[in-house]
Amino acid sequence: MAIVYDDLGDEAASEVPVRRIRFTINGSKKIAEIEPRMLLAHLIRRGLGLTGTHMGCDTTNCGACTVLVDGKAIKSCTMLAVQADGHEITTVEGLASASELHPLQEGFKEEHGLQCGFCTPGMMLAAKALLDRNPDPTEEDVRWALSGNLCRCTGYQNIVKSVLWAAEKLRAEA
Amino acid sequence: MYPSRFRYEAPNSLDEAIGLLRDGGDDAKVLAGGQSLVPLMKLRFASPEMLVDINNVPGLAYHRADPDGSLHIGALCRHADLEHSDQLAGTQPTMAAAAPLIADPLVRNRGTLVGSLCHADPQGDWASVMLALGGTVVAQGPLGRRAIPVAEFVTGPFQNVLEPDELAIEAVVPPAKGARSGGYLKLERRVGDFATVGVAVAIETAGETVVRAGIALTGVGGSTIGATEAAAALTGKPLTAETIAEAADLAAGAARPKTDHRGSADYKRHMVGVFVRRILGGTAPGTATAERAA
């Protein structure tokens, strides 16, 4: 894995501070050498090639870059990659198994929870954090948990239904 | 967007963190939750030469009530910890009301109360809450610890009194003199937006009489505003329609709002009065009032 930096020709460029971090992503242990100013979203997308994590607003508003860090939903555009050292990350690629979709992914399919799909990975991870904590949420709980994730297509109605569908399926499987 | 290049340090102890801050001087910044600092660095509004990430410093991720009734919130206590706290729900109505209204759920999982106080954004919710509660910030530096009242901690927009080598390690809410009640109301255009208007009210009553009152305003001035005259109008009296109306008028008068894309100055001032009346009107000892008005 290589990450290439711009050589700006100044002294600072010749002394790019690089740190080695160890972390787990979707169950795989990784080591990365990164510049401390790299954002977690960029490490995931460019360093690991996991492009399911989307960059939307890049200003801590939209939630498209939501991933789980130690099970908590956070905005990966607003966390330095170096801070992932020693932590466990889950991205949308970590939801499905080789042969089976995660119930949340099934729910989004069954209930038409997406149109363009851009916000979907973030929605599903914020929803996963909710369902891990509260397997039987009310509609209000779901809306509250997703209130940091913006969707510009669906108006949220079907997204909420998708999450409730998944919650029911997960409860039935439990 | 990337921040400019910086030296990154992640100390494992308070002493180490303070030593790094001493070396870094004005060019060093403390990173806790990073939910204000990282966006500012990405926009290059802030370009510190060194970041001292305190997330590996043990013993800062707590909130606890001491036997004397004071509440202590450590520098790594996240907004979400307070939002989901059973401890707050029954004992700290103003804080319990505010916690779910901070930013959005994703930001609340990382951002910290102490970091929010240090950031001193005039639209920051916690500064009003802590000001209304008469809270303090405990800072640790090379020479030891000192407690700074929140009323003196913030000196202006995005400015606080910390020395470059001091680290804010906790915020403290003093013990109540009576039964606590109060709340926090926030007018925002959508979840995650800054407050158009925010009002924090903290009341302590003994019997019918208000023995301590605090009212503070978010987003209606160049800095968090303590509506001290409004609070004084309640103290020593029972809560009646008349005292509530007087406090609401005085609080509205203390606001210094400006007309902007979030609303006119008149509208914001009016909403301060409305919020004071709503919180105090719903006040019975132990009652929390929270509302996200749209």
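This is a predicted model: local features need pLDDT of at least 70, side-chain atom pairs count only at pLDDT 80 or more; totals for chains, interfaces and linings use all residues.
**Stop 1: chain A as a whole.** Zoom out with chain A on its own. The C-alpha trace spans about 55 × 30 × 25 Å along its principal axes. Its radius of gyration is 17 Å, which agrees with the value near 16 Å that a compact globule of 174 residues would have. Buried residues make up 45% of the chain. If you draw contacts between residues at least 6 apart in sequence, 60% of them join residues at least 24 apart.

**Stop 2: the sheet.** Now select the strands of chain A. The 5 strands form an open sheet in the order 2-1-5-3-4, with mixed pairing. At the edges sit strand 2 (28-34) and strand 4 (72-75), each pairing on one side only.

Next, pick out strand 3 (residues 66-69) and strand 5 (residues 88-90) of chain A, which pair in the antiparallel sense over 2 bridges. To see a bridge pair, click A:Leu68, whose partner in strand 5 is A:Thr90.

Then bring helix 4 of chain A back into view. Helix 4 packs on the sheet and touches strand 3, strand 4 and strand 5 of chain A. The direction of helix 4 makes about 35° with that of strand 3.

**Stop 3: the nonpolar core.** Show both chains. The largest nonpolar core has 142 residues, and those with the most contacts inside it include A:Ala127, B:Leu117 and B:Val276. Helix 4 (residues 120-133) of chain A supplies the largest share of this core, 8 residues.

What is B:Val276 in contact with, leaving aside its neighbours within four places in sequence? Select B:Val276 and you'll find B:Val199, B:Val201, B:Ile215, B:Ala230, B:Ala247, B:Ala248 and B:Ala251 around it.

**Stop 4: where the chains meet.** Finish at the interface, where 21 residues of chain B are in contact with 24 residues of chain A. On the chain B side, highlight strand 1 (7-9), helix 2 (37-42) and helix 6 (105-108), each of which supplies at least two residues. The largest share comes from helix 6 of chain B, with 3 residues. Colour this side of chain B by class and you get 11 nonpolar, 5 polar and 5 charged residues.

How values were computed
Residues are numbered from 1 along each chain as its sequence is written. Chains are lettered from A and ligands numbered from 1 in the order in which they are written. The radius of gyration is taken over C-alpha atoms; the globule rule is 2.2 Å times the number of residues to the power 0.38. A residue is buried if 20 or more other C-beta atoms lie within 10 Å of its own, exposed if 12 or fewer, and partly exposed in between; C-beta atoms are placed from the backbone. Two residues are in contact if their C-beta atoms, placed from the backbone, lie within 7 Å. Helices (H or I, at least four residues) and strands (E, at least two) are DSSP runs, numbered from the N terminus. Ala, Val, Leu, Ile, Met, Phe, Trp, Tyr, Cys and Pro count as nonpolar, Asp, Glu, Lys and Arg as charged, and the others, Gly among them, as polar. A nonpolar core is a set of buried Ala, Val, Leu, Ile, Met, Phe, Trp, Tyr and Cys residues joined through C-beta atoms within 7 Å. Two strands pair if DSSP finds at least two bridges between them. Axes are lines fitted to C-alpha atoms, for helices over the stretch in contact, and angles run from 0 to 180 degrees between N-to-C directions.
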